[in-house]
Amino acid sequence: MPPRTRVGSRPPRIGIFVALAIVVVDQAAKAFVLLVVMSPPRVIPVTPFFNLTLGFNTGVSFGLFSSDSQLGPWVLSAIAVIVVLVLIGLLYRSRHMGETAGLGAMIGGALGNVTDRIRQGAITDFLDFYVGNWHWPTFNLVDTAITIGAAVLIVPSLFARSRPPVG
């Protein structure tokens, strides 16, 4: 099978634009929540199933690997940067707009959280969905971007028709 070739420079530019837009919107939303909405910190009921609730995550998704270590944010940031570099490599190989946008969303999401870790040692979370007394772990906009980006990459493969083997 011949190597994949990049068709023009448009797909990577779209992924880069998506990534940068996500980082800018995420950091602006977090600044607004920290400086305006949650000053002082409190729980703000928005709907019967959604609150704005300020939290700081020192771990990874859903608080896994949380630590009070001074080294923790740097180690997790370094891992995230390695993942971003791999995703950028995939971005420049991408030939499909959906794939490029999904990769860009994941890159932007990871960089938004790295920015928080470096700036304040933890990720700012503020979106709190719940049913009755059961609360989904509090998250933020870039967590949503990462999830949507992953779904954009995975879902098409679930519905792809299988092709007979060549040969």
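What you're looking at is a predicted model, where local features need pLDDT of at least 70, side-chain atom pairs count only at pLDDT 80 or more, and totals for chains, interfaces and linings use all residues. Residues are numbered from 1 along each chain as its sequence is written, and side-chain values use heavy atoms, with hydrogens and water left out. Helices (H or I, at least four residues) and strands (E, at least two) are DSSP runs, numbered from the N terminus.

**How the helices pack**

- Two packed helices are described by the angle between their axes and the distance between the axes.
- For α3 and α4 (residues 141-159), the angle is about 155° and the axes are 8 Å apart; axes are lines fitted to C-alpha atoms, for helices over the stretch in contact, and angles run from 0 to 180 degrees between N-to-C directions.
- That makes α3 and α4 roughly antiparallel to each other (angles over 145 degrees count as roughly antiparallel, under 35 as roughly parallel, 65 to 115 as roughly perpendicular and the rest as oblique).
- Where they meet, α3 brings residues including Gly98, Gly102, Ala105 and Gly109, while α4 brings, among them, Val142, Ala145, Ile146 and Gly149.
- Helix α3 (residues 97-120) also lies across β2 and β3, and runs at about 120° to β3.

**The sheet**

- Strands of a sheet pair through backbone hydrogen bonds, either parallel or antiparallel.
- Here, four strands make an open sheet in the order β1-β2-β3-β4, with antiparallel pairing; two strands pair if DSSP finds at least two bridges between them.
- β1 (43-47) and β4 (134-135) stand at the edges with a single partner strand each, so one side of each has no neighbour in the sheet.
- β1 and β2 form a hairpin with two residues between them, and four bridges hold this antiparallel pair.
- Within that pair, Ile44 sits opposite Leu52, and Pro45 has Asn51 as its bridge partner.
- β2 and β3 also run antiparallel, joined by six bridges, with Gly55 opposite Asp125.

**The cores**

- The largest nonpolar core has nine residues: Ala29, Val33, Val37, Met38, Phe50, Leu52, Phe126, Leu127 and Phe139.
- A nonpolar core is a set of buried Ala, Val, Leu, Ile, Met, Phe, Trp, Tyr and Cys residues joined through side-chain atoms within 4.5 Å.
- Apart from it lies another core of eight residues, including Ala19, Val84, Leu87 and Ala110.

**Residues to click on**

- Phe139 touches Asp125, Phe126, Leu127, Phe129 and Thr144, not counting residues up to four places away in sequence; contact means heavy atoms within 4.5 Å.
- Ser77 lies in helix α2 (residues 72-93) and is buried, with a relative accessible area of 4% (buried means under 20%, exposed over 50%, partly exposed in between, using a 1.4 Å probe and protein chains only).
- Leaving aside neighbours within four places in sequence, Ser77 is in contact with Val114, Arg117 and Ile118.
- Pro40 lies in the loop between α1 and β1, and the peptide bond from Ser39 to Pro40 is cis, with omega near 10°.
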